Amino acid sequence: GLSFKKCDLKIMMNNSNHHTREISTERLVVRRGQPFTVTVHFSAPIHSYLPQLKRTFLIAQTGRNPSKSSGTQTEFPISSLGDQQQWSAALEEQDPCFWTISVKTPANAPIGQYTLLLHASKCHCHLGNFTLLFNPWCRDDEVFLGNEAQRQEYILNQEGVIYWGTENAVLAQPWDFSQLEEDIVDICFALLDVAEHQDKDHTRRKSPIHVCRTVAAMVNCNESSGILTECGTGRCCNGTPPSKWLGSSPILRQWFASRCKPVRHGQCWVFAAVVCTVLRCLGIPTRVVTGYTWAHNTNASLSVNEYYDEDGTLLTKERSACVWTFHVWNECWMARADLVPKYSGWQALDATCQEKREGPSFCGPAPVKAIKDGDMDIDYDVCYFFAAINAKCQVWIQKADDTLKPALGNTKYTGNNISTKGVGSERCEDITQNYKYPEGSLQEKEVLDKVYRKIKKLHTTTSSSETQFSSIPTALEEPVNLFIHLQSESSQLLGHNVPLTIKVFNYSGEEKATHLVLQAQSLQYNGIPITQLWKEKFDLTLKTNEAHTLKVSVPCSQYGKELGENHLLQLTAMLRDKDSAVYLLQEEISICDPPLTIEFPEKMVQYQPSTANISLLNSLTEPLEKCVIVVAGRGLIYRQRKYRFGSVQPKSTEKLQIPLTPIQSGPRRLTAHLTCLQLQDLKSYTTIDVAAA
């Protein structure tokens, strides 16, 4: 019989061939549907190998209690690499003292932590353990992605960008996904284990749909014993504010080290970033997507309401549906074997909790193509995504007696500037056209008409409590007596006044006595007002066909101390005439932190000492005190470094030179994160292409 000595898993070679070498050089991590090679060594020579080979087979098993009946254990002979959908093995090289065996996993095998055994002479020899991931390089895998640049970006790139701000001022913040760090893959499978503790059917892990839905449910702990606790409408106490996170690995490691206690705190961009890390690690091409003016918690309704008082103050209503300044979700690439082929490709996945009539609180994966075409019956949750980016927002004025009156003005449209990081670059790519046809186009009209027809049909065939869609938006009859225009910069530097220009036109055939109220409120990204910061009132008498222009400024002294975590201001202009008609316009702007810049020399070479220069310009009228900068850069510096600036005087610039020696070539990012008494989350990043030594 065979006298087993040891097995060489050829980790370096296999991991390199399977694009997992960055995950580990000490353990075998392979992708399904692609062969890997092992060499079995014997302690005594085998001179007649064919009879032995016929009595020998391999066993691959996964899960706590693997069995053939559950599909978590399979036996296969060492013969030839056969059916793509079956486990198989072939003898590549044989010697009296060793066999080199090529093992082929099916392209639809469940992902997981596996044990490989050799059965010979009525005994099992443990050859080793390996981790099996999805394989976007394999044509037969449901997650196959044909473009190599996209595979590099959506599987292997650990440094991302998450967009926030407003639709007119898209801002970027760096994020370290860290999906290839060795311990992250174990945490990802622990996450699946925790999620499936009641349903221990590991064979479901063959489906990228199942894995995506499991991960989305686990990231937000409102759904299960998940990873993150959502930060409520107030300040985040007893935890880390969402804007302080710089990457996914500290969150995942804290969750794992605390025996799966939810980490405080997360909001939509943190949920999406962690989902991206987990799915990229497991082998599903994934990206982070931001949309602006997002109708949240509409319960698939195509209308959403905003409420203001008679001075134009945005009110917080009990109703949960509201318009978010921005929202962040994920897209995952896969073939939808459960649907017709046109729905394969990018799938929208949203881990942020939504109020839904039925089913889990997360959404997706929903084919982006189905969202664009208004195909509401397609799984999963297409109707919620469609409503969020197509709902019309009606503005109401709540009078002193609590009655509501519709405000006149421009309609607020949702689903704008849908953005993601470009492939192989730091540029922002607008992908709105993937979700919506051009505004005003015939295709857009056809899609909306189709959806409205479905809504009307549902209203006539079911009770209102059972309808999936509701509230078809109706256009208001707007008189054209008065017109108001509000103009401001889309963003402003912290420490500077915010200039406003308001133009009022009287198109009526008579003189109009009007009352104008201007105000600024600080705003959370989810549309909830924080506090009123500034207000001014004007009485204007407008002659027939007269235009009047006002120029005012919101003083920085009145907004600087009360900005929310996302530094958003909502500016409103409300105009009333003697006929009680109310005209309202609103504009959201971003208040940007003082510039923190990073500069590299023109050329940087691997293993050669170099420097980076960081400078901070204090745009405020007061000193920045107790400034600390944390610097990180994979392949540029070892671990994080912390530097203390001390104080930076008003309108002055402080500079810092950082020595570094790059140990990896190619595009490398340096990230700086500044905190001080006045500012908490000032982030900056720059990428340089390091030349190979």
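Predicted model: local features only at pLDDT ≥ 70, side-chain atom pairs only at ≥ 80, totals over all residues.
Biologist: Which residues of helix H4 are buried?
Modeller: Residues are numbered from 1 along each chain as its sequence is written, and side-chain values use heavy atoms, leaving out hydrogens and water. Helix H4 covers residues 182–195 (helices, H or I, at least four residues, and strands, E, at least two, are DSSP runs numbered from the N terminus). Its buried residues (under 20% relative accessible area; exposed is over 50%, partly exposed in between; 1.4 Å probe, protein chains only) are Ile 184, Val 185, Ile 187, Cys 188, Phe 189, Ala 190, Leu 191 and Leu 192.

Biologist: Which helices are included in what covers the buried residues of H4?
Modeller: Strands E8 (112–120) and E9 (123–133) are part of the cover. The helices included are H5 (208–219), H6 (249–257) and H7 (268–282).

Biologist: Is Asp 311 buried or exposed?
Modeller: Asp 311 sits in the loop between strand E15 (303–308) and strand E16 (322–334). Its relative accessibility is 18%, so Asp 311 counts as buried.

Biologist: With which side chain does the side chain of Asp 311 make a polar contact?
Modeller: Asp 311 touches several residues, among them Gln 519 and Arg 576 (contact: heavy atoms within 4.5 Å), not counting residues up to four places away in sequence. The polar partner, at 3.1 Å, is Lys 535.

Biologist: What is the mean pLDDT of the protein?
Modeller: Of its residues, 94% reach 70 or more. The mean is 91.

Key
pLDDT = per-residue confidence, 0-100. Polar contact = N/O pair within 3.5 Å; in protein donor to acceptor, adjacent residues only side chain to side chain.
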